[in-house]
Amino acid sequence: MDTEPSLILVVEDSTFFASAIKRLLRDVPMIEIDHAGSLAEARALIDSGRRYALALVDIILPDAADDEVVELCREAKISSVVFSGVISVDFRERLMALGVIDYIIKDTPASLSMLASVINRILKNRFIKALVVDDSRTARQYIRDLLEHYKFQTFVACDGTEALAVLEEHPDIRLIVCDFHMPKMDGIEMVRAVRASYPREKLAIIGISSGGGSSTAAMFIKHGANDFITKPFLREEFFFRVNQNMDTLDLISTIQAQADSDYLTGLHNRRYLIDVGGKLYASQKRNKLSLTVAMIDIDHFKLINDQFGHDAGDDALVAVSTCLRASLREADLLCRYGGEEFCVLAVNLLPEHRSDFFERIRKTLMAQIIAFGDHSISLTVSIGVCTSPCTSLEGMVRVADLAMYEAKKAGRNRVVIA
């Protein structure tokens, strides 16, 4: 993912609205804002070579006709969103013809929130892959142009069979816009094939068709599409439907991440361990990989809470989780199991490396100094390790947990391998 900030050009002659927009956009990550109060200032900024990801423009400027600033952005190949207090029906159609992504009327405080939502969505789209499936070259290109205008990384296919091949090559595609009438494999068949591997909450499918009416829409949605649009459609409707579906995927992803994460440390939680760890264990049973399970418990954690308070205890948990994250390999699974206890599933760790691997982690944690106010806190951990497949993942965790308690009984600050 690109980590460079996105440049946004705000063209607004009202000091009040310009300040309000800047304040609002501060909450949108990874952006920088240039402000122009007139057409002349906007032209100077564009001519200076600044590369803008998006322009947010008011059409009422002291030195410009009503659509002159939109024309300027179009000539500079800068996608624009119009934010203005006056837009008639006729002028709306002119704006759409000029390629404006969207327009928002600044008539209520809620319009500012709507503006931020639209801009955030457009900037997110830069990292999302979309696929257009239509046997009509003209229709395919039109929808592709629209999606690229909305900043999607867009691929095309002329029928369902070709679409499945593209999806296999790019499994991270998150949006498919699919026609119904196609040779070889029609839209309904293609949706059914896609849904065999991709659930609705991971990949959005929008069906489109120029015929069939409600029955075609019902068939598309019944067989797994998220939405349906009838041809011909307004660009505004298309933009709204696409945004709505992508926002829904983002919301589900956020909820899923929160359900699978520990709120304090940001690590995966016990629920995630059971889910994903169970799949890793199943792969181990099929001899696809080997698992080593370790339970790691902070020694005398209650004393930290009693002596320095629970905020210090929280800082200690965060410090340990950060250190563990940095000490493990990318393929390893780490979770906060509960309280001051962490669980590690190490994948394909060679038997001769197991002791050294967890000893290194123990020593790294022991060397950590945690600053809390005027105090410096150090800690140690006891680690229990299970190397046997047992009869289940839960069995491996129990064996590792017992080994960890053996480490406690033996004096703490040590690794015991069962």
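**Burial, sheets and cores in a predicted model**

Q: What makes Ser-111 count as buried or exposed in this predicted model?
A: Ser-111 has 4% relative accessibility. Buried means under 20%. Ser-111 therefore counts as buried.

Q: Where does Ser-111 lie, and which residues does Ser-111 touch?
A: Ser-111 is part of helix α5, residues 110-125. Residues up to four places away in sequence are not counted here. On that basis, Ser-111 touches Phe-83, Ile-104, Ile-105 and Lys-106.

Q: Why are β11 and β13 called paired?
A: Two strands pair if there are at least two bridges between them. Strand β11 (residues 291-298) and strand β13 (residues 341-347) have seven bridges, so they pass that cut-off. Their sense is antiparallel. Ala-294 stands opposite Val-344 in β13.

Q: What is the strand order and the pairing in the sheet that holds β8?
A: The order is β7-β6-β8-β9-β10, an open sheet of five strands with parallel pairing.

Q: Why do β6 and β7 count as a pair?
A: Five bridges join strand β6 (residues 129-133) to β7, and the cut-off is at least two, so the strands pair. They run parallel. Lys-129 stands opposite Gln-153 in β7.

Q: Which helix packs on this sheet, touching β8, β9 and β10?
A: Helix α9 (residues 213-222) touches β8 (173-179), β9 (204-209) and β10. Its direction makes about 155° with that of β10. Helix α10 (residues 235-260) also lies across β8, β9 and β10. Helix α10 runs at about 175° to β10.

Q: How many residues has the largest nonpolar core, and which have the most contacts inside it?
A: This core has 42 residues. Leu-147, Phe-152, Leu-175 and Phe-238 have the most contacts inside it. Its largest share, seven residues, comes from α5.

Q: Which residues are in contact with Leu-147?
A: Neighbours within four places in sequence are left aside. Among the contacts of Leu-147 are Ala-130, Val-132, Phe-152, Leu-175 and Phe-238.

Q: Which residues does the second core include?
A: This separate core of 29 residues includes Ala-294, Ile-296, Leu-328 and Val-381.

Note on methods: Residues are numbered from 1 along each chain as its sequence is written. This is a predicted model: local features need pLDDT of at least 70, side-chain atom pairs count only at pLDDT 80 or more; totals for chains, interfaces and linings use all residues. Side-chain values use heavy atoms; hydrogens and water are left out. Helices (H or I, at least four residues) and strands (E, at least two) are DSSP runs, numbered from the N terminus. Buried means under 20% relative accessible area, exposed over 50%, partly exposed in between (1.4 Å probe, protein chains only). Contact means heavy atoms within 4.5 Å. Axes are lines fitted to C-alpha atoms, for helices over the stretch in contact, and angles run from 0 to 180 degrees between N-to-C directions. A nonpolar core is a set of buried Ala, Val, Leu, Ile, Met, Phe, Trp, Tyr and Cys residues joined through side-chain atoms within 4.5 Å.
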